[in-house]
Amino acid sequence: MIAIGVELLAGTYRATSGDDFAATAHDQPGEWPPSPARLVSALVAADGTGDRTHVTSGDELRILERAGDPLILADPVEMVVTSRQNERYVVVDQLAAAGRHVHEYPGRVSALVRPGARLSPRTPRIWYLWPHLQTGDEVFNSLVARAARVGYLGCADSPVRLRVLSEAPDEQSLAQWRPGFTNGEGVTLPVAYEGFVNDLDNLFERFSRGEMVRRAWMRGVHQTYGTSESDTAHESPQVVWLAFERSVPGRWALDINIALRRATFELYDRHTNTEDEGIPRVLSGHGFSGNGYEHVSWFTLPDAGYEYSTGRLHGAGVCFPMGTDPKVIVGVKRALGHLDTLVTSHHRTVSVHLNDGARRPVAADPRRWCRSSARWASVTPVVHERWGKVDIDVINEWCRHASLPEAISFRSAPALLVRGGLLLEPHEVHRNSSDRHPYSHMIIQFAQRVAGPVLLGRSRHFGMGLFCPLDSIGSSEEGKGE
């Protein structure tokens, strides 16, 4: 077998979750455990590939990328202490224009570093095990040589020391993170795949030529890891989050959602599909039968629910139903990594980019919409699924269609129930004039705490019926913000 151990020399680890973007709905400020793809990337950087190698041939990397998803030994999440970091400016190795240098650093400029999180596990060791991987002495020695040259994992201020063993380590105190975890709530981590090293090489070559490259352009493959302790009453859906360069009026919500849907189709077809594949039905919404409407929802993020909220839109999300093929989620994320401008049918232009983890503005922060709460209030109108009286049985039918737990009470009103909610005209709620169902704003009490985002009603796939949590923020009824 092959076992690679990572010792955190400072006892801490810092790296953004997933593919360096806030792409899931889980409120995880950092990546834990460190992903297998990040380990392989560190080994690639340690001695390069091709003509850039010094002490190895590079063949060991091809074997490792084809070895499958490893078992990970690491502390469970509850044994990891998280320390959030604030936005800060650091001096960078870049020449500055006259009069614009940093104090005490002549000729240099500063750059804003986005906030992150420093993770401190109880046991500062992580192991990656490939129990059935057999290699010869040459490959094993090459892995040892590469491991000896790795200085950090994740960010450069996370120093590590690596070990390579041919037997299982004695680490009985560490939890086993198993790939392919399906029982309860796991974590989605990038993993290596056949061609992973080639993809890294291609990005490096383009970067070396001075091109702007994005990690989201990689042909990412993800795996769900979890421990036997991982469990939750309600699993949160996965979301690709976007942020706007500047806020826009709330009345643009439907127009932007339609434009984002169209852009998702175009970019997915251009950057993900092969010639014989079409748009997956979980994206298009076509080809479903039976009860429920389980396909992707596009929604915008208004500044709502606080004392001084304005209702302006600061970002957007693409929400996937439970059970969506991870390849589709990764494909959408990679496709939207190429999106920088949305042009709506009304010729409105919105500059947009994948969310990079910034905590401001709050409306664009995924944590704001994914909190666990039993009480939720709509910030965009909830379009009724049918005509007639709405009672708790009808609400629960809508909840089942949206894969939400049972509600125990609700309140409905034509007026706003939280500050900053969107009070829209019929043409700003419905996509066409022939299908204008009633709509209202609501507060719903669930029988259990629910992790967001919460979307409900007939037009939830186009951003209507978006709710914000009330258990941790003030509503207009209470007159207070967070």
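**Note on cores, R348 and cysteines**

1. Start with L162. Beyond its neighbours within four places in sequence, L162 contacts I4, G5, V6, L39, L43, A147 and V150. The model is a predicted one.

2. L162 belongs to the largest nonpolar core, which has 43 residues. Along with I4, V6 and L43, L162 touches the most other members of that core. Helix α1, residues 36-47, is the top contributor, giving seven residues. In soluble globular proteins, nonpolar side chains tend to be buried together.

3. Where is R348? R348 sits in the loop between β15 (341-343) and β16 (349-354). Is R348 buried, exposed or partly exposed? Its relative accessible area is 25%, so R348 counts as partly exposed; the buried class requires under 20%.

4. R348 also has partners from elsewhere in the sequence. Not counting residues up to four places away, R348 touches R251, W252, D255, L342 and V343. A259 is 89 residues from R348 in sequence, yet the C-alpha to C-alpha distance is 9.8 Å.

5. How many disulfides are there? The count is zero. Take C319: the nearest cysteine sulfur belongs to C370 and is 8.5 Å away. A disulfide needs the two sulfur atoms within 2.5 Å, so C319 is in no disulfide.

6. C155 has a relative accessible area of 24%, so C155 is partly exposed.

Technical notes
Residues are numbered from 1 along each chain as its sequence is written. This is a predicted model: local features need pLDDT of at least 70, side-chain atom pairs count only at pLDDT 80 or more; totals for chains, interfaces and linings use all residues. Side-chain values use heavy atoms; hydrogens and water are left out. A nonpolar core is a set of buried Ala, Val, Leu, Ile, Met, Phe, Trp, Tyr and Cys residues joined through side-chain atoms within 4.5 Å. Buried means under 20% relative accessible area, exposed over 50%, partly exposed in between (1.4 Å probe, protein chains only). Helices (H or I, at least four residues) and strands (E, at least two) are DSSP runs, numbered from the N terminus. Contact means heavy atoms within 4.5 Å.
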